[in-house]
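Dear colleague,

Please find below the structure that I am handing over to you, followed by an account of what was found in it. I would be grateful if you read the two side by side.

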Amino acid sequence: MSEQEVLKDIHTLAKKIGRNVNLMEVCGTHTQAVARAGLKSLLPKNVHLTTGPGCPVCVTAQEDIDAIVSLALAGIPVATYGDMMRVPGSFGSLDQAREKGAQVFDIYSTEEALEIQKEYPDLVFFGLGFETTAPMSAFAIQKGLVIYPTHKLFLPAMKALLEIGELKIDGYICPGHVSAIIGSKPYEEMRVPQVITGFQPDDILVAIYMLLKQLAEDRADVENEYVRLVKEGGNPEALNQIFEVFEESDGNWRGFGTIPGSGLKIKEKYKAFDARLKYKDILDRVDFSKSRKPTACKCGEIIRGLKSPTDCPVFKKGCTPDKPIGPCMVSVEGACNVEYRYGK
Amino acid sequence: MVNDESIELDHGGGGYKSWELLQDIRGALKSRGKWQNCEDDAAVYDLSSSVIPAKAGIHSKLVFTSDAFIVEPIFFPGGDIGKIAMCGTINDLSVMGAKPLGISLSIVMEEGFSKTDLMKIMRSINKVSEESGVPVVTGDTKVMQKGKIDKIEITTAGVGLADRVIENKGIKAGDVIISSGDLGEHAVTLLASRFNYKTKIISDSKPLNKEIEKVGEYLNACKDPTRGGLAANIVEMANKSRVKIVLDEKTLPYKKETVAVSELLGIDIFALASEGRFIASVSPKNADKVLEILKKFNNEAKVIGHAEAGSGVYLKTKLGALRPIEMPKGKLIPRIC
Amino acid sequence: MCLAFPGKILKIQGDKSVVDFDGVEKEVNISLIKGAKVDEYVMVHAGFAIQIMGKKDALEVFKLYKEAEGK
C-alpha cells in the first residue's frame, strides 16, 4: 500500500460522486499538515478542504486577550503558551506588553508555569485551548496555579456550524488529539460523515478517502482512522481531571460570539485560582468598548469557513505575519498564516 | 500602543524583520567607497584596481566581515560563545571564497563575570585558531556595570584574501544544491538546554575554511546557514541569484533528533541554525567530485535539491506536491498548536 | 489545534516519566494516563502524555478498510 494508491482511489471516488464536495478540517493542526504536504494541489478539483474553527488562538475572544494584556500591564506576571504571545488585542499583544516592561513568560507546559510561580507568586496563566490543553490547566490549578481560563469544548462549535448552516459541509475531518481525550462516541450526535484522523499526510489522505466513500455510499457515520491513538471512550482520566476543576459554561468565541455549553468555567471549589475573580478589581476598570469594535479583519468569517483568507480586504495588505491585524494571521495554524506561507 | 519605532526581539531573529532592519541601516550608511558585495556575508575590496598593480592577479581581493555574538547558555555541548564567535567570522570569510588571515576580538563583559569562565572561553578561541590556522591579532575589552549587559558579548571581525569571490548570487539554473552536512544541530543543542531535553546531538559549530578551500573552485554560490537556518539563507540566495530552488523532502539534511525537537516544540525545522555547515550550488558535472571531497570532512554531505529557471524556494514533498519555503518571520517561539 | 509527538517511556516515577522521542529524552507528566508501562509508546502534548499509543498506521488502516470492502 502506498500514498499513491490512496490518491488514486480518492480520484476514482470523486469522479463517481461528480458534484462538489466540501470537507472541513476542523483542527488547525490538520490545516497545517495539509499545507505542509502540499495536499490540496493533489486532490480532485471537486474536493474542497475548508479550514474550520480549530485554532485555539484564533477563536480566543478579543475581550479575553484585552483582559490578559491589561493584567500584564497592571504589573501582574503572566505566562501563556508561545502561540498566544503575538496575538494583537486592543491594547497590543502580550509580547508588546513585555517590551514595555511587563513580566510575560512564554511557556511550553503548565508544569513550567508552576516553576515560574515559585519565583513570581502572583503569576497568572492564560489558559487556552480545547479538551487537549484543559486537563493540563486542571492539573496545574490543583497544584495551586492561578489561571485566566478561556478553555473551550470543541463539539459545540462543530454542532453550531452545522446548525447555522451558512456553509454546506459534506463531511468533517475530526480532530485527532481532541478525540484522544473525548473519544469517538460524542461525535455520533452529529448526522454528517465524520472521520477522526491523525496528522501524517497519509492519515489525512486516508480520512479523505473514507469520507468520500461514505458520501458515495450515502452514509453518515463516525469512523476512526486514528485507531492507534483514539479509543471510543477517549481518555477518562483526562476527562475526570477537566471536570474535577471546571464545569460547562457558555463559551465566548471569536467569529461565533457565545456558544451555549462550549466554555469551561472554574468551579466554586477552586475559585481561589480563578484570575477573573482574584483580579476582578483590575478587570473591572478595563475599558472593553474597544474589544467589540469591528475592524476590517475577517477572522470571524474565516473561522466559520465562510470566507477564505484571500477574500479578506486586509490579507497581505496591511495584515501580514509580521504585522498581524487578526489572530488567524498570527497563529501558525491560523488559516491566514497558512495561506500566507504556503499559498500561491 | 507600542511605539512603532522601537526595536523588537524579532529584529534580531534572522528572519524577515532582521532583513528589513538591515535594509534601513544600509540605507542610512550611504558611502561604500570601492567596496563591493556589501550585502553578502563579507564585503570585498578589489586590491588589483588600486593597491596592487593589475598584473598581480593572485589573492587580489581583500574580504572583510564582522559579527556580534550573544548566546544563552554561554557554554553548551559542543562549544561556547568563544568558539562560535571565531567560527562565525572565519566561516563568513570562507563562504566568500577567501582565505582568512586574522581576527579581531572585542569583548564586553558584565561586572562580576567569572574570570575562570573568561579564560575557558579564551582557551576555546585559541583552539579554533590553532585548528583553522587563523590567529587573533588584535582586540579590545570593556566591562559594564552589573545588570547593564547579560554576562558577556563578543564581537569578532576578520580579513581574508581571495582570488575568486564566491557570491550569494552565483546560483545558475541547472545547478545542484549541496549541504556540507546535517543542519540545525547548533540550534537543537541550545533548545535542548533551554527545555531540559537530553540528546546526543551537540552543536555543529566548527571552522569551515579548510573544507571550503578544497572545493572552492567548483562552487558557484556558497553560504553558511546560521541565524534563520536553511530557510532564510536559501531564500536569500535564490532571490539574489534570480533562480527557483527545489529541495527534496526525501533528502533533507536533518537527523531524527533534530526532527523530534522541531516537532516537539513546533518550531520550523528549516529555521534552525547551524554554526559549522555550508550550503553551496555547483554545476551537476562537478557534484560528485565536490561530494567526494566534502564527505572526507563530514559523511553527511549530500545533494539536497536543485536550481531551475524561475523564482522562489519550494519543497517537493513526499507526496509529490510542491510547497513554498518562506523566510522565517521572527524569533523562534515554541508552540503547542 | 494540538501538536503532539509520540515517544517511548524509558522510566516511570510516580506522575513523572522519561520519554524517548527518536533520541531526544524529556521528562513527561503521565498523570493523565492510567496504567502506562515502561517501553510503551505515548502521545505527548504540551509536556503531558495524553494517551497510550497502539500500532496500526494510516496505510494499515487503509488496507483493512479495502479488505473489508472487498468482502
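Two strands are said to pair if DSSP finds at least two bridges between them. By that criterion, strand S1 (residues 21-27) of chain A and S7(A) run parallel and are joined by three bridges, with Leu23(A) standing opposite Gly171(A) in S7(A). Please bear in mind throughout that this is a predicted model.

**The sheet of chain A**

The pairing of S1(A) with S7(A) belongs to an open sheet of five strands, whose order in chain A is S2-S1-S7-S8-S9 and whose pairing is parallel. Strand S2 (47-54) and strand S9 (222-224) of chain A form the edges, each pairing on one side only. From one strand to the next, the twist averages 20°. In general terms, the strands of a sheet pair through backbone hydrogen bonds, in either a parallel or an antiparallel manner.

Strand S7 (residues 171-174) of chain A also pairs with strand S8 (residues 194-196) of chain A, again in the parallel sense and over three bridges. Here Cys174(A) stands opposite Ile196(A) in S8(A). Which residues cover the two faces of S7(A)? Gly171(A) and Ile173(A) lie on one side, Tyr172(A) and Cys174(A) lie on the other, and all of them are buried.

**Tyr187 of chain A**

One loop residue deserves a separate note. Tyr187(A) is located in the loop between helix H9 (176-182) and S8 of chain A. Is this residue buried or exposed? A residue counts as buried if 20 or more other C-beta atoms lie within 10 Å of its own; Tyr187(A) has 21 other C-beta atoms within 10 Å and is therefore buried. When its neighbours within four places in sequence are left aside, Tyr187(A) is in contact with Cys174(A), Gln194(A) and Val222(A).

**Chain A as a whole**

Chain A contains 16 helices and eleven strands. Its radius of gyration is 20 Å, close to the 20 Å that the globule rule gives for 344 residues, so chain A is as compact as a globular protein of that length. The C-alpha trace of chain A spans about 60 × 45 × 35 Å along its principal axes. Of its 344 residues, 61% count as buried. Among the contacts in chain A with a separation of 6 or more, 69% are between residues 24 or more positions apart.

Chain C has one helix and five strands, and its elements run β-β-β-β-β-α from the N terminus on. Its radius of gyration is 15 Å, whereas a compact globule of 71 residues would have one near 11 Å. Taken along the principal axes, the C-alpha atoms of chain C fill a box of roughly 50 × 25 × 25 Å. Buried residues account for 44% of the 71 residues in chain C. Of the contacts in chain C with a separation of 6 or more, 31% come from residues 24 or more positions apart.

Chain B is divided into domain 1 (40-162) and domain 2 (168-324). The centres of these two domains of chain B, taken over C-alpha atoms, are separated by 23 Å. In chain B, 24 residues of domain 1 are in contact with 21 residues of domain 2. Helix H2 (81-94), strand S6 (99-110) and helix H3 (115-132) of chain B each supply at least two residues of the side of domain 1 that touches domain 2. H2(B) gives the most to that side, with nine residues. The side of domain 1 of chain B that touches domain 2 has eleven nonpolar, seven polar and six charged residues.

With kind regards

Methods
Residues are numbered from 1 along each chain as its sequence is written. Chains are lettered from A and ligands numbered from 1 in the order in which they are written. This is a predicted model: local features need pLDDT of at least 70, side-chain atom pairs count only at pLDDT 80 or more; totals for chains, interfaces and linings use all residues. Domain bounds come from an automatic or database domain assignment. Two residues are in contact if their C-beta atoms, placed from the backbone, lie within 7 Å. Helices (H or I, at least four residues) and strands (E, at least two) are DSSP runs, numbered from the N terminus. Ala, Val, Leu, Ile, Met, Phe, Trp, Tyr, Cys and Pro count as nonpolar, Asp, Glu, Lys and Arg as charged, and the others, Gly among them, as polar. Axes are lines fitted to C-alpha atoms, for helices over the stretch in contact, and angles run from 0 to 180 degrees between N-to-C directions. The radius of gyration is taken over C-alpha atoms; the globule rule is 2.2 Å times the number of residues to the power 0.38. A residue is buried if 20 or more other C-beta atoms lie within 10 Å of its own, exposed if 12 or fewer, and partly exposed in between; C-beta atoms are placed from the backbone.
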